[in-house]
Amino acid sequence: MSPTRIGRIIRRIRTERSLSQQALAVRLGISPSYLNLIEHDQRSVTASLLIKLTRALDVSIEALSGVDEQRMEGLLHQALSDPLLGAHGIPAQEIAALAAQPEAARAVLTLHQAFRAAHHDATRLMLPTGTRVILPQEEARLVYDERLNHFPTLEDLAQHVRADMARAARLPDGEALPPSESNHMIATRLRQLHGIVVRITALDGAFRRYDPDSRLLLLSDLLPRESRGFQLAFQLMLLEGREAIEALLHEIAPSTEDARIVIQIGLVNYAAAALLMPYSPFLTAAVALRYDLDILSARFGVSYQQAAQRLSTLQKPGERGVPFFFVRTDPAGNMTKSFSACGFPVPRQGHSCPQWNANTCFATPGVTQAQVAQFTDGRTFLCFSRTVSGISTGWNDVQPVHAIAMGCDMTRASEIVYSDRLNLQAPAIPIGISCHLCEWTECRSRAHPPLHHRLALDINRRDALPFTLDTGPERPIGG
């Protein structure tokens, strides 16, 4: 982190907190003039002052290290490298300057999203039904990223519901609710408080079905115990979290009804996870177990994916876990869900790097793979991935398989159990956002040449690399 950037970050966060230089200087025990020099990059920040800043501004060290700016730079780099824009070769320093202006940067990303949707309309990309393709999931992803996938009002709601359930069960507090009995307790609350009867039965083409008129909740008998528990929690939080979730949706203001529903489902899922995995006990266990997902999922009676996704939400001010990224992909490389609290540049276009273990773990189903991965800008991450299998509805059904990929900045690797078997001194695995944007020129796994290099074509040679690149000045392919 350069002094130039950290001064800019301090100034931005101070402004967001509506703090004057005078007020922040008092909290830090320094003079306003000295703080002014820091914010204008004329004084460096010592380690002790950095710790004071995290406390005074109530942020993590990662936030001061520029993780938000790095994430925004990655998003802008992907958007502005879109071949449809024809804006090749925008200098990195210009992208960094734009990323330092959060409102302007978000406006550019929103415009790019609207442009992509308009392009789909203009080229008549439609479903067979005639419905035009829009991307509400992308809008939802931006909502979660902007909030580091943490929603305090939903955490408070889940804590309140657990406490109420504990009182009904004559237990001392909500954290004491045993995971082994949570399904029964939630079903009892649905029946006693909301008049909803739960039945486990055979369902054709569905895993959960609720009829508001008859107050009947049907769950498929194919669902494993942890999935039934999550569906019960989803139904409960859908009812009891209605006001809190509506308030969040009003604040978010989705651009379309489809985006609104996608975000609403995501928020209810978040609340259900917070109910089953209460924040403080889950964080305490995660730290003690060094984020071992197999043990965490067993201890809280949830699935591997549910525990992994919950880890990505532990960013409560003053009580933060390790900032993780979370990605779910299918065998074709499609990303069906993603969050990032650590600046990992999750691909928004195209497919992810074939050397990333989110893709290679499909070769070893059910086995966790760990690697140290490095991008061309020098950022390095501990990444760990494994496959999970979905529910098979019958002999002739193709069982869905996904990869769950997580990771964190290498500065936090020692806190994670998955770093134990790695040689952290060995060279990192070079990966890129996607082949079109990746600047690793010696990659034998590359599917496409990078946009900013010409090919060096020679009919008399067959090199080991799939694409031999012109090593002269960068310029757009075809330029």
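Student: How many residues lie between the strands in the hairpin of β2 and β3, and which residue takes a positive phi there?
Tutor: The hairpin of β2 and β3 has 4 residues between its strands, and Arg215 takes a positive phi near 55 degrees. Arg215 is a residue other than glycine, placed in the loop between β2 (208–211) and β3 (216–220). Strands are DSSP runs of E with at least two residues, helices are runs of H or I with at least four, and both are numbered from the N terminus.

Student: What should be kept in mind about the model itself?
Tutor: This is a predicted model, in which local features need pLDDT of at least 70 and side-chain atom pairs count only at pLDDT 80 or more, while totals for chains, interfaces and linings use all residues. Residues are numbered from 1 along each chain as its sequence is written, and side-chain values use heavy atoms, with hydrogens and water left out.

Student: Where is Asn149, and what is its phi?
Tutor: Asn149 sits in the loop between α9 (136–146) and α10 (152–168). Asn149 has a positive phi of about 55 degrees although it is not a glycine. Asn149 counts as buried, at 4% relative accessibility.

Student: Changing topic, which strands form the open sheet?
Tutor: The open sheet has 6 strands in the order β7-β6-β10-β9-β8-β11, with mixed pairing. β7 (335–340) and β11 (429–430) stand at the edges with a single partner strand each, so one side of each has no neighbour in the sheet.

Student: How does β11 pair with β8?
Tutor: β8 (residues 369–374) and β11 pair in the parallel sense over 2 bridges. Ile429 in β11 is the bridge partner of Ala373.

Student: Which other residues does Arg386 touch?
Tutor: Not counting residues up to four places away in sequence, Arg386 touches residues including Tyr304, Cys361, Thr368 and His402. Contact means heavy atoms within 4.5 Å.

Student: How many disulfides are there?
Tutor: A search of the whole structure finds 0 disulfides, a disulfide being a pair of cysteine sulfur atoms within 2.5 Å. For Cys383, the nearest cysteine sulfur is that of Cys342, 8.4 Å away. For Cys408, the nearest is again that of Cys342, 6.8 Å away. Cys383 is buried at 0% relative accessibility, and Cys408 is buried with a relative accessible area of 0%.

Student: What surrounds Met277?
Tutor: Met277 touches Phe282, Phe300, Val302, Gln306, Ala307 and Arg310, leaving aside residues up to four places away in sequence. Met277 and Arg310 are 33 residues apart in sequence and 7.6 Å apart in space, C-alpha to C-alpha. Met277 is in the loop between α14 (257–276) and α15 (279–288), and is buried with a relative accessible area of 0%.

Student: Finally, which residues of α7 are buried?
Tutor: In α7 (residues 92–99), the buried residues are Ile95, Ala96 and Ala99. They cover an arc of only 100 degrees around the axis, which puts them on the same side of α7. The arc is that of the directions from the helix axis to the C-beta atoms.

Notes. Buried < 20%, exposed > 50% of the residue type's maximum accessible area, 1.4 Å probe, protein only. Pairing = 2+ DSSP bridges.
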